[in-house]
Amino acid sequence: MHIAVTGNIGAGKTTLTTMLSKHYGWDAQFEDVDHNPYLEDFYADMSKWSFALQVYFLGSRFRQVKEIRESGKNIIQDRTIYEDAHIFAENLNDMKLLSDRDFNNYASVFNLMKSFVSAPDLLIYLKSDVPNLVKKIYKRGREYEASISIEYLSKLNQKYEKWIAEYTEGKLLVIEVDDLDFVEKPEDFGFILEKIEAELNGLF
Ligand SMILES: Nc1ncnc2c1ncn2[C@@H]1O[C@H](COP(=O)(O)OP(=O)(O)O)[C@@H](O)[C@H]1O
Ligand SMILES: Nc1ncnc2c1ncn2[C@H]1C[C@H](O)[C@@H](COP(=O)(O)O)O1
């Protein structure tokens, strides 16, 4: 079984993925952030590094897709390949930080890869508003993310809302996380587990 956690930067994906993986004993797949050769440069100069970063994330995420297909294990994944293309790359193109030529080049590779990608059995969307995302990004304290603008986060949130509203590839669970503290409050984590189990009934 393949579960994926989706949502904007700082929504709590990595935290929830880690907690669910421990709770259910599922294998977890995380994003390539700490050893990413482009991310810090990207935040310093988005226009210069956007194409290189998108190609890097696409390759790294496709490696995960391959592992999921081949492993036969229960896997929980922190962010999907769809988000790279439909949220981040599209938004950079909208913001003129990724040229049309580079975006079209990227999109043609993504479209080829798409035929090998299966949707997760359950997609869990962590919905959060921009002020709360800013608080959580600040709390996490990655220095290079200090330059993330409210405008950038808002545009990503709009893309997420549109993508989720149109998502029909598989089961979808939307969790509004702004009033939940699943890190500190066991009852909030319990609330999320109940929702997941209701969705997974029949898949286990
Ligand atoms: N529901 C929550 N309540 C309180 N703190 C949270 C919550 N979700 C995430 N955090 C905190 O916010 C920060 C960002 O979370 P993270 O899981 O890294 O987000 P993402 O992977 O979506 O970018 C971390 O410091 C984490 O501990
Ligand atoms: N495809 C992407 N393009 C640009 N930036 C991306 C992409 N995928 C992830 N990121 C960034 C956003 C954050 O700074 C880090 C980690 O993501 P997070 O949502 O905090 O787990 O990578």
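Here are some friendly notes on this predicted model, arranged as numbered points.

1. A word on conventions. Local features are reported at pLDDT of at least 70 and side-chain atom pairs at pLDDT 80 or more, while totals for chains, interfaces and linings use all residues. Residues are numbered from 1 along each chain as written, chains are lettered from A and ligands numbered from 1 in the order written, and side-chain values use heavy atoms, without hydrogens or water.

2. Helices (H or I, at least four residues) and strands (E, at least two) are DSSP runs, numbered from the N terminus.

3. The annotated active site. The UniProt annotation "active site", again from an unreviewed entry, covers Asp78, a residue of strand β3 (residues 75-78). Asp78 counts as buried because its relative accessibility is 1%; buried means under 20% relative accessible area, exposed over 50%, and partly exposed in between, with a 1.4 Å probe and protein chains only.

4. The surroundings of Asp78. Beyond four places in sequence, Asp78 touches Val5, Lys13, Thr14, Thr17, Gln29, Phe30, Glu31 and Arg61, where contact means heavy atoms within 4.5 Å. With Thr14 there is also a side-chain to side-chain polar contact at 2.6 Å. A polar contact is a pair of N or O atoms within 3.5 Å; within protein, one must be able to donate a hydrogen and the other to accept it, and residues adjacent in sequence count only if both are side-chain atoms.

5. Two backbone angles to look at. Most residues other than glycine have a negative phi. Arg79, in the loop between β3 and α4, has a positive phi of about 80° and is buried, with a relative accessible area of 5%. Lys96 also has a positive phi, near 65°; this residue sits in the loop between α4 and α5 (100-114) and is exposed at 68% relative accessibility.

6. The pairing of α3 and α4. The axes of helix α3 (residues 46-71) and helix α4 (residues 81-94) come within 9 Å and cross at roughly 170°, so the two helices are roughly antiparallel. Axes are lines fitted to C-alpha atoms, for helices over the stretch in contact, with angles from 0 to 180 degrees between N-to-C directions; under 35 degrees is roughly parallel, over 145 roughly antiparallel, 65 to 115 roughly perpendicular and the rest oblique. Helix α3 contributes Ser50, Gln54, Phe57, Leu58, Arg61, Phe62 and Val65, and α4 contributes Ile81, Asp84, Phe88, Ala89 and Leu92. These contact residues divide into 8 nonpolar, 2 polar and 2 charged (nonpolar: Ala, Val, Leu, Ile, Met, Phe, Trp, Tyr, Cys and Pro; charged: Asp, Glu, Lys and Arg; polar: the others, Gly among them).

7. Val117. This residue lies in the loop between α5 and β4 (122-127) and is buried at 15% relative accessibility. Val117 and Lys66 are 51 residues apart in sequence, with 8.3 Å between their C-alpha atoms.

8. Asn157. Helix α7 (residues 150-165) holds Asn157, which is buried with a relative accessible area of 12%. Beyond four places in sequence, Asn157 touches Asn8, Ser128, Asp129, Val130 and Leu133.

Conventions. UniProt positions are given in the numbering used here, feature names are shortened, and annotations may be inferred rather than shown by experiment.
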